[in-house]
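Thank you all for coming; I would like to walk you slowly through one protein chain today.

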Amino acid sequence: MDAKDVSADLKEVLYTKEEIDQRVREMAAQIDRDYEGREVLLVGVLKGACMIMADLSRAMHSHLTMDWMAVSSYGSGTKSSGVVRILKDLDADLLNRHVLIAEDIIDSGLTLSWLKANLESRGPASVEICTLFRKPEAVKVDIDVKYVGMDIPNEFVVGYGLDFAEKYRNLDSVGILAPHVYE
Ligand SMILES: O=P(O)(O)OC[C@H]1O[C@H](OP(=O)(O)OP(=O)(O)O)[C@H](O)[C@@H]1O
Ligand code: HPA
Ligand SMILES: [Mg+2]
């Protein structure tokens, strides 16, 4: 393998592009059914959710609008700082809207439990969460998540939008980062 190939930094591939694609399509179909007759505002949490937003929205068939928020709690490390910072707020007014937050991962859950409460305070008709990945062993807060793609082990993963120090987001599969990369 080319030494510059980013996938060489993975210890193990957890999900291939095809497996992710299949699961995203299933979630999109479920969301279409659940929101029948209601227009969804998809809120993508930058930057990690860029891939799931792009793929989920295109796999959905109902009318929807999209907006973006940028928050960060990981900086350049592999552990949450626990402090969520808004780097970019939404443009949309949430009053009476059906908001569906699209996320790449729930790890400690701190980002989404904070974000859900923040969006709920803006007068929406509803706020639900869709995440592609969740780490059940890492979740520290009680958080109601309506759509979960896959539960994964408590390891630092990269790819499909997920980064380590801003790298690896462009991998089309998702895998466990090899410890030699960050130790
Ligand atoms: O459940 P938690 O422990 O809070 O972790 C999940 C959050 O961490 C990552 O974002 P990050 O802060 O790395 O920003 P990024 O999306 O720009 O990479 C990820 O995209 C989630 O938003
Ligand atoms: O496992 C992870 N990988 C990348 N970013 C993350 N943000 C929270 N958990 C993770
Ligand atoms: Mg990150």
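Residues 24 or more positions apart account for 64% of the contacts in the protein with a separation of 6 or more, where two residues are in contact if their C-beta atoms, placed from the backbone, lie within 7 Å. Before I go further, please remember that this is a predicted model, in which local features need pLDDT of at least 70 and side-chain atom pairs count only at pLDDT 80 or more, while totals for chains, interfaces and linings use all residues. Residues are numbered from 1 along each chain as its sequence is written, and chains are lettered from A and ligands numbered from 1 in the order in which they are written.

Let me turn to the overall fold. The protein has four helices and nine strands, where helices (H or I, at least four residues) and strands (E, at least two) are DSSP runs, numbered from the N terminus. Along the sequence they follow the pattern β-α-β-α-β-β-β-α-β-β-β-β-α. The radius of gyration, taken over C-alpha atoms, is 16 Å, close to the 16 Å that the globule rule gives for 183 residues, so the protein is as compact as a globular protein of that length; the globule rule is 2.2 Å times the number of residues to the power 0.38. Along its principal axes, the C-alpha trace spans about 50 × 35 × 30 Å.

How many of the 183 residues count as buried? The share is 32%, and by buried I mean that 20 or more other C-beta atoms lie within 10 Å of the residue's own, whereas exposed means 12 or fewer and partly exposed is in between, with C-beta atoms placed from the backbone.

Now to the interior. A nonpolar core is a set of buried Ala, Val, Leu, Ile, Met, Phe, Trp, Tyr and Cys residues joined through C-beta atoms within 7 Å, and the largest one here has 43 residues, of which V43, I52, L56, L100, I101, A102 and C130 touch the most other members. The largest share of this core, six residues, comes from β5. V43 touches, among others, D67, M69 and L90, if we leave out residues up to four places away in sequence.

Strand β2 has six of its seven residues buried, so β2 is largely enclosed by the rest of the structure. Strands β2 and β3 pair in the parallel sense over seven bridges, and two strands pair if DSSP finds at least two bridges between them. The partner of L46 in β3 is A70.

In α2, the buried residues are M51, I52, M53, D55 and L56, and what covers them includes α1 (17–34), β2, β3, β5 and β6. In α3 (residues 110–120), T111, L112, S113, L115 and L119 are buried, and the buried residues of α3 pack against β2 (40–46), β3 (64–72), β5 (98–106) and β6 (126–134).

There is also an open sheet of three strands, with the order β1-β9-β8 and antiparallel pairing, whose edge strands are β1 (10–15) and β8, each pairing on one side only. Between β8 and β9 there are two bridges, and V157 has I176 as its bridge partner in β9.

Finally, which residues come nearest to ligand 2? Of the eight residues around ligand 2, they are I105, D107, F156, V157 and L162, where near means that a residue's C-beta atom, placed from the backbone, lies within 6 Å. By class, this shell has six nonpolar, no polar and two charged residues; Ala, Val, Leu, Ile, Met, Phe, Trp, Tyr, Cys and Pro count as nonpolar, Asp, Glu, Lys and Arg as charged, and the others, Gly among them, as polar.
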